[in-house]
Amino acid sequence: MSADAIRPEAREDRPPASRPSASRPSTWRLFRRNALATGGLAILTLVVAVALLAPVLPLADPDATALAERLARPLTGGHLLGTDALGRDTLSRLVWGTRVSLLVGFSATLIAALVGSLIGFVAGYAGGRVDAVLMRGIDMVLAFPYILLALAIVAVLGPGLINALYAIAIVNIPFFARNVRGLTLGLARREFVDAARLSGQGDAAILFGEVLPNVMPVIVITMSTTMGWMILETAGLSFLGLGAQPPRADLGSMLGEGRTVLFNAPHVAVIPGVMIFVIVMSINLVGDGVRDVLDPRLRSGALARPGARARIARREAPPPPRDGLLEIAGLRTTFGAGASKVEAVRGVDLHVAEGECLGVVGESGSGKSVTAMSVMGLVPSPPATIEAGAAYLAGRDLFTLPDREIRALRGAAVAYVFQDPLSTLHPQFTVGTQIIEALRAHGPVGRKAARARAVELLDLVRIPGAERRLDAYPHELSGGMRQRVGIAMALANAPDVLIADEPTTALDVTVQAQILTLLARLRREETVAVVFITHDFGVVSAVTDRVAVMYAGEVVETGPTEALLAAPAHPYTERLIACVPVLGEPDRALAAIPGRPPSLAEPPPGCAFADRCARVEADCRAAPVAMRPLAEGRAVRCLHPVWGA
Ligand code: ADP
Ligand code: MG
């Protein structure tokens, strides 16, 4: 610590909390969080270091026999680990044998990875006949039982360590080839590869510049997870006398030699056995750790898969419900913990009455989706935690309901429509199947009745030829149609609340207008309350009755849509509205809002918008700004609003 204080460069490295990189921990730090993997790495490093240093360590000659001292117990006669049946020093043989085993295992892994990946790479990229020939060859290798094939290869090549190495490498080639081929096959048809081709790059450049970097992590992961196996297999061959030949020792042959004196001198077999266990175990732990760290989906900070329901850790009792159908009160949702904690939602209050449409507007990253997902416990935990607040549905506190009841409410009482209908619809099932599945998830419905209801729903969302479209796959529909299907699925169980999270963002303007009209009509006909989330003030007036404007995880202004659009009170709302282009007003200045929202890892103590605000004064930054009521059901979180101060 004191050294840090003297070295200025060390201090620069220290406060990571204020830097953007803080929220994404480095690979090494992620790895370190995994205690098992770190332990495995420590043990493995020690073993490898000792094996590498074997020539300089003060060890006895591993091959020097001394029949007078045969089968000495550990800690006797100057032999730390005793001697074997020929009086050779076990410790020395163990270190040298470990060296051989590690070398063979590592080399075999390298050869298998290199050859196997190359085969898979070429087969996957070239496709067609090349693929067929290469992969059938691989299939032939796979058609034999694994260890038998290795035995057969050694039988042909003759016993010996090098031949055992080849045999192990060969039988492991298919694992790399198949893995890499599958991956390359998918990558070779991706848009960025097409883009590289269109830019005039040759096959080799594409293969090594575009595809290889994407395959590399998988090769590394496969290597780290198969190396333990290869060491075991080498030991197996040596155990059978087909690998290392006397007098040279490897762990497998030591085990084999120890077998004959197992009852007289168990240490001769047990010691190499324990060593094999330790090496393979530590390699596997490190391999698992490497896999977890290299998988970008696990990089968000947690090494565990999110549970089915968001973690709720409320300290204070939630405020009592008011009268709204859906009421969110004082909601706080955070991601991660410690230095990389992000306060995504910081005390949000919202309410929606029966049949009402509430618009939630704000820039990307303002916490709209996290708020909406928190309601039904759908934010991924880990890393998310709901730290405070409550969500009441018709007076029931959703955060205290048991999982079973929440599941029954999801999709039935509260349904969601998401931004990208292509990624929310299952690509392998017809839309009919998926709508029917949504129906049957919440009650027993006969096959016929469900199908009839599905047709009704598609009619409701104005999909022409509904009966026929039931048998279409998602990719056969246009973006607008897919979003209609998404809405139909959400409406399947006649929800009380429909949460539409940017449902029109992925669509072009004309389709967007159609979907908005559809939502507005459905809201009247089906009497469903809608929470309509968008970043675009332009679409708000088309559907919503009331608007809540969000900024940096807080609601900064609420009010009836018309009044709020006509006379925004918060400077942020004013600027957001000014960003919307108006047709027929080409002279209107579109003012982008300068600056960026504050980091939610360290939210400012006062108004979050202060740094970008033209009306900012000293008091804005001093303390948290509370919501204060304005006229006619409006409220604003601002000390110096545009009007009504
Ligand atoms: P939007 O208003 O665009 O819907 P979100 O609610 O999706 O914004 O996100 C709000 C903030 O929450 C983001 O800026 C991000 O920092 C954080 N966040 C969202 N999802 C995750 C996640 N899975 N892991 C970590 N942080 C997240
Ligand atoms: Mg969002």
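I start with helix α23, residues 571–578, where Pro571, Tyr572, Thr573, Leu576 and Ile577 are buried, meaning under 20% relative accessible area with a 1.4 Å probe and protein chains only. Helices here are DSSP runs of H or I with at least four residues, strands are E runs of at least two, and both are numbered from the N terminus. This is a predicted model, so local features need pLDDT of at least 70 and side-chain atom pairs pLDDT 80 or more, while totals for chains, interfaces and linings use all residues. Residues count from 1 along each chain as written, chains are lettered from A and ligands numbered from 1 in written order, and side-chain values use heavy atoms, without hydrogens or water.

What covers the buried residues of α23? The cover includes β4 (357–361), α21 (537–543), β10 (546–551), β11 (554–560) and α22 (561–566), with contact taken as heavy atoms within 4.5 Å.

Now ligand 1. Its shell, with near set at a heavy atom within 4 Å, includes Phe335, Val342, Glu363 and Pro383. By class the shell has five nonpolar, five polar and two charged residues, with Gly counted as polar. Helix α13 (368–375) and strand β3 (342–352) each supply at least two shell residues; the largest share, three, comes from α13.

Next, polar contacts, that is, N or O pairs within 3.5 Å. Oxygen atoms of ligand 1 lie 2.6 Å from a polar side-chain atom of Ser369, 2.9 Å from a side-chain N or O of Lys368 and 3.0 Å from a polar backbone atom of Gly367. Alone, ligand 1 exposes 560 Å², and the protein buries 67% of that, by the Shrake-Rupley method with a 1.4 Å probe.

Methods:
Polar contact = N/O pair within 3.5 Å; in protein donor to acceptor, adjacent residues only side chain to side chain. Buried < 20%, exposed > 50% of the residue type's maximum accessible area, 1.4 Å probe, protein only.
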